[in-house]
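This report describes the sheets, helices and chain contact of one model. Please look at the sequence and the structure before reading on.

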Amino acid sequence: MAEHEINAGFMPLFDSAVLVIAREMGFAAREGIHLKLSRETSWANIRDRIAIGHFDVAHMLGPMPIACNLGLTPLASDTIVPFSLGLGGNCVTVSNAVWDGMAAHGALADLDPTRSGTALGRLIRARAAAGESPLRFAVTHPHSGHNYELRYWLAGCGIDPAREVEIVIVPPPFMADALAAGRIDGYCAGEPWNSVSVVAGTGHIATVKAAIWRASPEKVLGVRKSLARDHPDALSALLRALHHAARWCQEPANHNDLTALMAQPAFLGKPAEIQMRALTGRLDVGGGAVRRVEDFFLPFDKAANFPWKSHALWFYTQMVRWGDVAHSPEHAAIARDCYRPDLYRAALKPLGVALPGANAKVEGALTTATPVGSAGASLVLGPDGFFDGRIFDPDRLDAYIETQASSLQTID
Amino acid sequence: MSRAALRILIIDENRIRAAIIEQGLREAGHGEVSVVHDMAGIARRIADIEPDVIVIDLENPNRDMLESMFQLSRAVKRPIAMFVDRSDSASIEAAVDAGVSAYVIDGLRKERVKPIVDMAISRFNAFSRMARELEEARGELESRKIIDRAKGILMKSRGLSEQDAYALLRKTAMNQNRKLADVAQSLVTAADLLGPGGL
């Protein structure tokens with residue numbers, strides 16, 4: 001088979017695992033793809049290098065390619081998403097002082113987003129009444145699942161993220177230090193960067209992405225549109241390699257090998273034990289309290305790699321909600337067209353694996369695990385609920401955006 | 001009234017490289033150049049300096065933080081765009097290749113900014129070249145030391161003169177199509193493994 005070279009950029013985060021495994025375990029080579037991996041130091045570098053063509057594909061935050069295509073970034077390029085690198089994997093971690101304050105207002109070490117958020121809201125108002133400065137939370141990037149799920153959680157608990165807290169940007173490897181030094185009071189980041197604070201005894205996990213919105217999108221494979229146009233077969237081969245790699249990552253029998261590999265300094269460079277928490281969903285939330293989170297991080301199961309158009313559109317609604325972009329049919333179309341389930345289907349069709357029947361779904365509608373899918377093989381989706389019980393129907397985009405705008409006003 | 005001199009801020013944790021760029025800009029007649037090595041309190045520094053152009057190295061993991069700061073208008077009074085001309089892809093590519101990025105206040109004429117960006121690019125490249133040459137020089141010194149040790153082993157174990165020991169190493173390297181330093185390294189490793197009296 002002819003070798004096709006594909007250059008990929010990644011950030012040292014656990015959910016780069018599917019890309020790393022595709023190369024290191026030979027899945028890419030078996031598909032005739034010579035996959036070259038470059039570790040990067042910022043999302044801005046990834047964006048720049050994909051824009052000028054150093055990278056053909058990259059590990060990206062789910063909303064990032066949408067922001068690029070909407071022209072919201074300093075350097076933009078046509079980037080598409082034919083594959084998702086997993087669901088879930090993030091936590092909201094707060095300082096010990098904030099946790100003590102939350103506990104005094106009713107928070108328990110059960111990761112319950114409603115209880116934690118309500119307690120945080122009471123703490124914030126008590127601080128405001130005492131004339132103290134607003135709490136400062138950090139996320140990894142403005143156009144990230146972290147930013148939008150943190151804001152969704154806060155707003156859903158009656159806290160105005162634009163006024164009652166300050167939200168700043170901190171690179172994930174610096175989160176734990178910033179928290180320990182008191183420069184921030186809390187943060188939303190992917191694992192292992194939450195457990196790093198717990199292990200250091202300087203932070204407490206208040207809630208998790210999987211509880212705010214279960215089975216929700218996180219990192220994706222961003223692809224230069226020109227690659228899909230000029231080398232569709234190579235892209236299909238890469239997607240098949242990533243599919244096999246993702247299945248390998250999900251399999252518990254491989255978790256020791258996976259964490260040992262990711263522990264190498266060239267990839268994540270953090271001990272296997274701390275990585276295992278994301279894979280098993282068994283989290284020490286602080287002070288030795290261990291909680292088991294269902295579907296904490298899914299690299300493969302529940303159609304985790306399918307680039308749902310409803311995921312792209314949900315990210316878009318949050319961009320509108322927080323003032324990143326004005327809502328218009330043209331903008332919505334750019335977001336919708338950014339995620340490309342058609343390319344995912346075309347690549348995986350020869351494998352005869354189960355594929356979802358639709359390209360978009362009503363998010364938050366499944367309350368139990370539900371068998372779906374076509375092509376005879378079995379596929380299970382959900383549960384996929386939002387913590388506040390709301391649902392997002394991508395066919396009723398305007399209504400959803402409207403509701404969110406008015407629900408924010410009631411907070412004023 | 002527009003300011004006469006552009007204010008330029010260099011953000012680089014590498015002090016030597018920052019100094020090289022600063023010097024280049026000053027030589028080109030830019031008087032208002034500031035350098036920041038440490039990211040702590042960077043928002044404050046930017047607010048104080050009010051730079052027109054910010055030059056930052058791409059290895060800096062805080063680029064995402066800086067960009068979000070530029071988008072919020074609290075720290076920076078005027079919006080900042082990356083480079084001055086998005087359509088100038090050759091210049092952007094040259095910058096990324098060199099490992100540098102530039103953020104520029106909106107509304108500046110590109111004739112004023114391009115020389116600054118070009119200067120940063122050429123100085124970054126010069127620094128990389130210098131670092132590479134230093135690395136090579138260091139490697140050369142290491143090789144020379146290894147070859148001396150290998151010569152010493154041959155002289156002792158086979159009773160050769162220094163000249164003959166060197167000739168033997170060279171001949172072996174040529175016959176095996178390997179570098180002299182590699183052959184010497186193999187000999188030294190073997191001698192270390194076999195221990196004293198092994199050869």
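## A buried face on one helix

A residue is called buried if 20 or more other C-beta atoms lie within 10 Å of its own, with C-beta atoms placed from the backbone. Two residues are in contact if their C-beta atoms, placed from the backbone, lie within 7 Å. The structure discussed here is a predicted model.

Helix H17 of chain A covers residues 341-348, and its buried residues are Pro341(A), Leu343(A), Tyr344(A), Ala347(A) and Leu348(A). Seen down the axis of H17(A), these buried residues fall within an arc of 160°, so they line one face of the helix.

Met60(A) stands opposite Val220(A) in E11(A).

## A second sheet in chain A

Strands of a sheet pair through backbone hydrogen bonds, either parallel or antiparallel. Another open sheet of chain A has five strands in the order E8-E7-E9-E6-E10, again with mixed pairing. Its edge strands are strand E8 (165-169) and strand E10 (203-208) of chain A, and each pairs on one side only. The twist from one strand to the next averages 25°.

How do strands E7 and E9 of chain A run where bridges join them, parallel or antiparallel? Strand E7 (residues 135-139) and strand E9 (residues 186-190) of chain A run parallel, joined by two bridges. Phe137(A) stands opposite Gly186(A) in E9(A). Helix H7 (residues 145-156) of chain A packs on the sheet and touches strand E6 (90-95), E7, E8, E9 and E10 of chain A. The direction of H7(A) makes about 65° with that of E6(A). Helix H8 (residues 172-180) of chain A packs on the sheet as well, touching E6, E7, E9 and E10 of chain A, and its direction makes about 155° with that of E9(A).

## Where the chains touch

The contact between the chains takes 16 residues from chain A and 16 residues from chain B. On the side of chain A that touches chain B, helix H3 (residues 43-52) of chain A gives the most, with six residues. The residues on this side of chain A divide into nine nonpolar, five polar and two charged.

## Chain B

Chain B has seven helices and five strands. Read along the sequence, chain B follows the pattern β-α-β-α-β-α-β-α-β-α-α-α. Of the 199 residues in chain B, 30% are buried. Among contacts in chain B between residues at least 6 apart in sequence, 64% join residues at least 24 apart.

Chain B is divided into domain 1 (8-132) and domain 2 (135-194). The C-alpha centres of domain 1 and domain 2 of chain B lie 47 Å apart.

Note on methods
Residues are numbered from 1 along each chain as its sequence is written. Chains are lettered from A and ligands numbered from 1 in the order in which they are written. This is a predicted model: local features need pLDDT of at least 70, side-chain atom pairs count only at pLDDT 80 or more; totals for chains, interfaces and linings use all residues. Helices (H or I, at least four residues) and strands (E, at least two) are DSSP runs, numbered from the N terminus. Ala, Val, Leu, Ile, Met, Phe, Trp, Tyr, Cys and Pro count as nonpolar, Asp, Glu, Lys and Arg as charged, and the others, Gly among them, as polar. Two strands pair if DSSP finds at least two bridges between them. Axes are lines fitted to C-alpha atoms, for helices over the stretch in contact, and angles run from 0 to 180 degrees between N-to-C directions. A residue is buried if 20 or more other C-beta atoms lie within 10 Å of its own, exposed if 12 or fewer, and partly exposed in between; C-beta atoms are placed from the backbone. The arc is that of the directions from the helix axis to the C-beta atoms. Domain bounds come from an automatic or database domain assignment.
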